[in-house]
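Me: I would like to go through this model and ask what stands behind each label. Please show it first.

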Amino acid sequence: MRVFHGTIEVIKNPDVLHSYRPLDFGKGFYITTVEEQAKKWALRKADIYSKEKGIVNIYNYSENYSGLKVKDFTGDLDNWIDFVCACRDGNDDYLKYDIIIGKVANDKVFKVVDMYHSGVWDKERAIKEIKVYDTYDQIAFITQKAIDQLLQFESYYEVQRNG
């Protein structure tokens, strides 16, 4: 399967060492099956670092999880939202896994998670709100073993804003 990583550089040999902060599923190397999502992330990073263009890296992704510990939140918003909040609080339970799969807290979903995390909304309300939004997916590689086993660089292309 083809997967994507949006950033500002070509990454032929991804690793977990360059993850500078914990995201939804902790520190790791993140990819998506949604090309449009990767383009948006590449442009967002280009804006942050004042670059003219972003890079979308394309990888071949094998789903042969043999010997890997995988946590898959696909279709499980109840546990997903608690896991994301725990990672934001600095919890390192994510280190129990080689790879974690689930939805991504995009801008709209991020706000819902914050409302739940801060106690303004209960879990039922937060999950109801999340279901309203189209969400993207993410696959987080927590260990180098998972990257080496499942990802192979294919190519890349540049993206830039129109106009």
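Reply: Start with Ile130, which is buried at a relative accessible area of 1%. This is a predicted model.

Me: Why is Ile130 called buried?

Reply: Buried means under 20% relative accessible area. Ile130 has 1%, so the label applies. Ile130 sits in helix α4, residues 123–132.

Me: Which residues does Ile130 touch, leaving out those up to four places away in sequence?

Reply: Leu77, Trp80, Ile81, Val109 and Val112. Contact here means heavy atoms within 4.5 Å.

Me: Which residues of α2 are buried?

Reply: Leu77, Trp80, Ile81, Phe83, Val84, Cys85 and Cys87. After α2 comes Gly90, with a positive phi near 95 degrees.

Me: What makes the rings of Phe25 and Phe73 a stacked pair?

Reply: Seven aromatic pairs are counted in the model. For Phe25 and Phe73, the ring centres are 5.8 Å apart and the planes stand at 20 degrees. Pairing needs centres within 6.5 Å, and stacking needs planes under 30 degrees apart. Both conditions hold, so the pair is stacked.

Me: Why can the pair of Phe25 and Phe73 be said to tie parts together?

Reply: Phe25 lies in the loop between β1 and β2 (29–31), and Phe73 in the loop between β4 (70–72) and α2 (77–88). The pair therefore ties together parts 48 residues apart in sequence.

Me: Are Phe25 and Phe73 buried or exposed?

Reply: Phe25 has 0% relative accessibility, so it counts as buried. Phe73, at 3%, is buried as well.

Me: Why is the pair of Phe73 and Phe83 called tilted?

Reply: The ring centres of Phe73 and Phe83 are 5.0 Å apart, and the planes are at 50 degrees. Stacked needs under 30 degrees and edge-to-face over 60, with the rest tilted. At 50 degrees the pair is therefore tilted. Phe83 is in helix α2, so this pair links parts 10 residues apart in sequence. Phe83 has 12% relative accessibility, which means that it counts as buried.

Me: Which residues form one aromatic cluster?

Reply: Phe25, Phe73, Phe83 and Tyr97.

Me: Now α1. How do you know that its reach is close to the expected value?

Reply: α1 has 14 residues, and its first and last C-alpha atoms are 20 Å apart. The expected value at 1.5 Å a residue is 20 Å. Its buried residues are Gln37, Ala38, Ala42, Leu43 and Ala46. They pack against β1 (2–7), β3, β6 and β7 (151–159).

Me: Why is Ser50 called exposed?

Reply: Exposed means over 50% relative accessible area. Ser50 has 68%, so it is exposed.

Me: Why does His5 count as buried?

Reply: His5 has 14% relative accessibility, and the limit is under 20%, so it counts as buried. His5 is in strand β1. Among its contacts beyond four places in sequence are Ala38, Phe29, Tyr30 and Ile55. The C-alpha atoms of His5 and Lys45 are 11 Å apart, at 40 residues along the chain.

Me: What lines the second largest pocket?

Reply: Its lining has 14 residues, with Thr74, Ile101, Gly102, Asp137 and Ile139 nearest the centre. β5 (99–103) and β6 (137–141) are the elements that give two or more residues. β5 gives the largest share, three residues. The pocket holds about 160 Å³ of space.

How values were computed:
Residues are numbered from 1 along each chain as its sequence is written. This is a predicted model: local features need pLDDT of at least 70, side-chain atom pairs count only at pLDDT 80 or more; totals for chains, interfaces and linings use all residues. Side-chain values use heavy atoms; hydrogens and water are left out. Buried means under 20% relative accessible area, exposed over 50%, partly exposed in between (1.4 Å probe, protein chains only). On a 1 Å grid over the protein atoms alone, a cavity is a set of points where a 1.4 Å probe fits but cannot get out, and a pocket is an open set with protein on both sides within 12 Å along at least five of seven lines; lining residues have an atom within 4 Å of a point. Grid points are joined across faces, edges and corners, and a volume is the space filled by probe spheres set on the points. Helices (H or I, at least four residues) and strands (E, at least two) are DSSP runs, numbered from the N terminus. The expected span of a helix is 1.5 Å times one less than its number of residues. Rings of Phe, Tyr and Trp (its six-membered ring) pair if their centres lie within 6.5 Å; planes under 30 degrees apart count as stacked, over 60 as edge-to-face and the rest as tilted.
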